[in-house]
Amino acid sequence: MADDFLCEDKRPITDIHWWGSYIGWKEATPPPNNLVGFHIGIWTDVPKTAANPFSHPGQMVWQWIA
């Protein structure tokens with residue numbers, strides 16, 4: 001999960017990069033219960049307010065299964 005980021009550039013986001021690892025795994029091949037894919041989603045932001053001191057995701061506006 002990524003955190004909020006401030007994007008002051010008006011151009012659209014055109015690509016996403018992500019990295020992953022198996023914590024503590026030292027073998028050359030993936031563990032037997034390895035991943036089958038990634039769900040990448042972009043959500044609207046519900047900003048913090050006086051009543052809610054933390055911002056949080058609102059609605060998913062884009063998704064991709066990789």
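I began with Trp64, which lies in strand β2. I kept in mind that this is a predicted model.

**Entry 1: Trp64.** Is Trp64 buried or exposed? I looked up its relative accessibility and found 52%, so Trp64 counts as exposed, the cut-off being over 50%.

Entry 2: I then checked the rest of β2, which covers residues 56-65. How many of the 10 residues of β2 are buried? The number is 0, so β2 lies largely in the open. Across the pairing, His39 stands opposite Ile65 in β2. A reminder to myself: side chains in a regular strand alternate between the two faces of the sheet.

**Entry 3: the nonpolar patch.** Trp64 turned up again in a nonpolar patch on the surface, along with Phe5, Ile13, Ile16, Trp18, Tyr22, Trp25, Leu35, Phe38, Ile42, Val61 and Trp62. Together these residues have about 1200 Å² of accessible area. Which element gives the patch its largest share? I found that to be strand β2, with 3 residues.

**Entry 4: Leu35.** Leu35 counts as exposed because its relative accessibility is 54%.

**Entry 5: charges.** I searched the whole structure for salt bridges and came away with 1. In it the side chains of Arg11 and Asp9 meet, at 2.5 Å from N to O. How open are the two ends? Arg11 is exposed, with a relative accessible area of 62%, while Asp9 is partly exposed at 35%.

**Entry 6: the whole chain.** Stepping back, I counted 0 helices and 2 strands in the protein. Why do I call the protein more spread out than a compact globule? Its radius of gyration is 17 Å, well over the 11 Å that the globule rule gives for 66 residues. The C-alpha trace spans about 50 × 30 × 20 Å along its principal axes. Buried residues make up 3% of the 66. I noted an accessible surface of about 6700 Å² for the protein, with 61% of it belonging to carbon and sulfur atoms. Last, I looked at contacts between residues at least 6 apart in sequence: 26% of them join residues at least 24 apart.

Methods. Residues numbered from 1 in each chain as written. Predicted model: local features only at pLDDT ≥ 70, side-chain atom pairs only at ≥ 80, totals over all residues. Heavy atoms only, no water. Patch = residues over 30% accessible without salt bridge, like charges linked within 9 Å, V, L, I, M, F, W, Y side chains within 5 Å. Areas by Shrake-Rupley, 256 points an atom, 1.4 Å probe, with all protein chains shown as cover. Salt bridge = Lys/Arg side-chain N within 4 Å of Asp/Glu carboxyl O. Helix = DSSP H or I, 4+ residues; strand = E, 2+ residues; numbered from the N terminus. Buried < 20%, exposed > 50% of the residue type's maximum accessible area, 1.4 Å probe, protein only. Pairing = 2+ DSSP bridges. Rg over C-alpha atoms; globule rule 2.2 N^0.38 Å. Contact = heavy atoms within 4.5 Å.
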